[in-house]
Amino acid sequence: MSATSASAAKPQHPEDGKPWWKFAHVWLILAGPVIVVIAGFVTAYIAISKPDPVIDPDYYRHGLEINQRLTESQKSLAPAITGRNHAATPAQDHPTDR
């Protein structure tokens, strides 16, 4: 076989000999993992730079005190709430005081 017949057997592609980074599909495949790694670094930075606040060691007692204050404020508002409920009730549904 001659040199011309050997070259005719193997067709030449215009992208033969290009380096791997010049193919678009390579970057499409690498983009996903690269984005995940960058997002991991961003998440680590946020976690390190803005730590969670420390919970009060006596949180249960403070919660009970808050609940007690809320119950006391509800008792003091009872007449206002009752009046509001009666104002929103239609006139025919009001209880009669006869």
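1. Arg-61 and Glu-65 both belong to helix α3 (residues 59-76) and sit four residues apart, about one turn of the helix. Helices here are DSSP runs of H or I with at least four residues, strands are runs of E with at least two, and both are numbered from the N terminus. An α-helix has 3.6 residues a turn, so residues three or four places apart point the same way.

2. This is a predicted model: local features need pLDDT of at least 70, and side-chain atom pairs count only at pLDDT 80 or more, while totals for chains, interfaces and linings use all residues. Residues are numbered from 1 along each chain as its sequence is written, and side-chain values use heavy atoms, with hydrogens and water left out.

3. Arg-61 makes a salt bridge with Glu-65, with 2.6 Å between the closest N and O atoms. Arg-61 also meets Asp-58 in a salt bridge, at 2.5 Å from N to O. The term means a side-chain nitrogen of Lys or Arg within 4 Å of a carboxyl oxygen of Asp or Glu. The count by this rule is two salt bridges, and Asp-58, Arg-61 and Glu-65 form a linked network of them.

4. Arg-61 is partly exposed at 39% relative accessibility. Asp-58 is partly exposed at 31%, and Glu-65 is partly exposed at 31%. Buried means under 20% relative accessible area, exposed over 50%, and partly exposed in between (1.4 Å probe, protein chains only). Of the 98 residues in the protein chain, 2% are buried.

5. The UniProt record, an unreviewed entry, places a "transmembrane region" at residues 24-48. UniProt positions follow the numbering used here, feature names are shortened, and annotations may be inferred rather than shown by experiment. In the model this span is 100% helix and 0% strand, and its end C-alpha atoms lie 36 Å apart.

6. Helix α2 (residues 24-49) has 26 residues and should span 38 Å at 1.5 Å a residue; its end C-alpha atoms are 37 Å apart, which agrees. The expected span is 1.5 Å times one less than the number of residues. At Ala-31, α2 bends by about 35 degrees, and Pro-33 follows within four residues. The bend is the angle between axes fitted to the seven residues ending at a residue and the seven starting there.

7. The protein chain has an average pLDDT of 77, and 62% of the residues score at least 70. pLDDT is the predictor's confidence in each residue, from 0 to 100. Where pLDDT is low, the predicted coordinates should not be read in detail.
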